[in-house]
Amino acid sequence: MSRAGLYTGRGRKGRRRRRKSWPPLIRAAVFAALPIVLAWSVWRIFFFHPRIPVPETLPDWITVDLIPINQWSRPGTAMEAMNGIVVHYVGNPGTTAQQNRSYFAGLARSHEAYASSNFLIGLEGEVLLCVPIGEVAYCSNDRNGDTLSIEVCHPDDTGQFTPASYESLVKLVNWLRKFYALEVDAVIRHYDVKGKLCPLYYVEHPEAWEQFKAALTAAEAAGPPAE
C-alpha cells in the first residue's frame with residue numbers, strides 16, 4: 001500500500017500520528033531555564049570583566065579572530081591571575097593557524113575534546129588571538145587559570161618552528177612579558193606543566209629551549225617590538 005493510501009482509503013481521512021511531547025514538568029523546567037540561559041549568554045558577551053589587567057589596544061601584527069563562547073573551547077571564564085606564558089606546538093604538521101583555529105571553534109559542534117589556545121602562530125609568522133587575553137583557554141591543564149597559552153604551527157614531525165614562526169613567538173612573548181612584568185623563567189613549555197612532550201622539538205632539544213629564552217632576553221635588550 002502506498003503512503004497516499006494510508007490517508008485516502010475509501011474516501012476517509014487517515015489518522016495522523018500524534019507527535020510525542022515532553023512531560024509537563026520537563027517542559028515547564030525548560031521554559032523556566034531559557035531566560036536564565038539567555039541572560040547568562042548576554043552577560044558573557046557584553047558584560048564580561050576580566051580579573052587581570054588586559055591591554056587596551058593590541059599591536060597591529062596580531063589578528064583578532066575569536067572563537068565564539070562555548071563550553072568546549074571558550075568557556076568565557078575569567079583567568080584568576082597572570083603568572084606565566086605556556087608555549088605549545090599544534091602537533092599537526094603542516095596545518096595553518098587558521099585551520100587550527102577552525103578546529104577549536106568546531107569543537108562546539110563535534111564535542112570531540114576540550115581544547116583551545118589564547119594565541120596561534122602560523123607557519124608564516126601570522127599571529128591570531130583566538131581566546132581573549134584575560135579568559136581561560138583549554139590548553140595547559142591545571143595552569144589554564146593563571147597562564148596565557150601560545151600554540152605554534154610547524155611544518156613537519158620534528159615540531160621545529162619555522163624562522164618566521166620563531167621570530168613571531170619571540171615578539172609576542174616579549175610583548176606579553178613587558179605588559180605583565182614577567183621574568184624569562186615565567187615562560188615555560190607545556191612539558192613543564194604536565195610532562196607532555198610539547199612543544200616536541202624543545203622537549204627533545206632542551207638546549208634549543210635555553211637558546212629561545214636567551215633570544216627573549218636579547219630581543220628585550222634591543223627594545224620593544226614595533227606596534
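Helices and strands are DSSP runs, numbered from the N terminus, with helices holding at least four residues and strands at least two. The model described here is a predicted one. L66 has a relative accessibility of 33% and counts as partly exposed, because that value falls between the 20% limit for buried residues and the 50% limit for exposed ones. Together with L58 and V64, L66 makes a nonpolar surface patch of about 210 Å².

The largest nonpolar core has 37 residues, and F119, I150, L169, L172 and L176 are the members that touch the most others. Several elements each supply at least two residues of this core, including strand 3 (119-121), strand 5 (147-152), helix 6 (200-204) and helix 7. Helix 4 gives the most, with seven residues. What does I150 touch, once neighbours within four places in sequence are left aside? Its contacts are I85, V86, V87, H88, S117, F119, I121, L169, L172, V173 and L176. Apart from this core lies another, of 14 residues, with I67, V90, A105 and V131 among them.

T147 lies in strand 5 and is buried, with a relative accessible area of 3%. A polar atom of the T147 side chain lies 2.6 Å from the backbone oxygen of R143. Beyond residues up to four places away in sequence, T147 touches M79, A81, M82, G84, V86, N118 and S140. A97, in turn, is found in helix 3 and is buried as well, at a relative accessible area of 1%. The C-alpha atoms of A97 and F119 are 9.2 Å apart in space, while the two residues are 22 apart in sequence. With neighbours within four places in sequence set aside, A97 is in contact with L120, I121, G122, E126, L128 and C153.

Charged side chains come next. How many salt bridges does the structure hold? There are six of them. One of these joins R101 to D65, with the closest N and O atoms 3.4 Å apart. R101 belongs to helix 3 (residues 97-110) and D65 to the loop between strand 1 (62-64) and strand 2 (84-89), so this pair ties together parts that are 36 residues apart in sequence.

A second salt bridge brings together the side chains of K213 and D185, at 3.2 Å from N to O. This pair also links distant parts of the chain, with K213 in helix 7 (residues 206-222) and D185 in the loop between helix 4 (163-180) and strand 6 (187-189), 28 residues apart. Are the two partners buried or exposed? K213 is buried, with a relative accessible area of 15%, whereas D185 counts as exposed at 60% relative accessibility.

R189 and D192 form a further salt bridge, in which the closest N and O atoms are 2.9 Å apart. Here R189 counts as buried, at 10% relative accessibility, and D192 counts as partly exposed, at 39%.

Terms used
Residues are numbered from 1 along each chain as its sequence is written. This is a predicted model: local features need pLDDT of at least 70, side-chain atom pairs count only at pLDDT 80 or more; totals for chains, interfaces and linings use all residues. Side-chain values use heavy atoms; hydrogens and water are left out. A salt bridge is a side-chain nitrogen of Lys or Arg within 4 Å of a carboxyl oxygen of Asp or Glu. Buried means under 20% relative accessible area, exposed over 50%, partly exposed in between (1.4 Å probe, protein chains only). Contact means heavy atoms within 4.5 Å. Patches are made of residues with over 30% relative accessible area and no salt bridge: like charges are joined within 9 Å, nonpolar side chains (Val, Leu, Ile, Met, Phe, Trp, Tyr) within 5 Å. Accessible areas come from the Shrake-Rupley method with a 1.4 Å probe; for residues, only the protein chains shown count as cover. A nonpolar core is a set of buried Ala, Val, Leu, Ile, Met, Phe, Trp, Tyr and Cys residues joined through side-chain atoms within 4.5 Å. A polar contact is a pair of N or O atoms within 3.5 Å; within protein, one must be able to donate a hydrogen and the other to accept it, and residues adjacent in sequence count only if both atoms are side-chain atoms.
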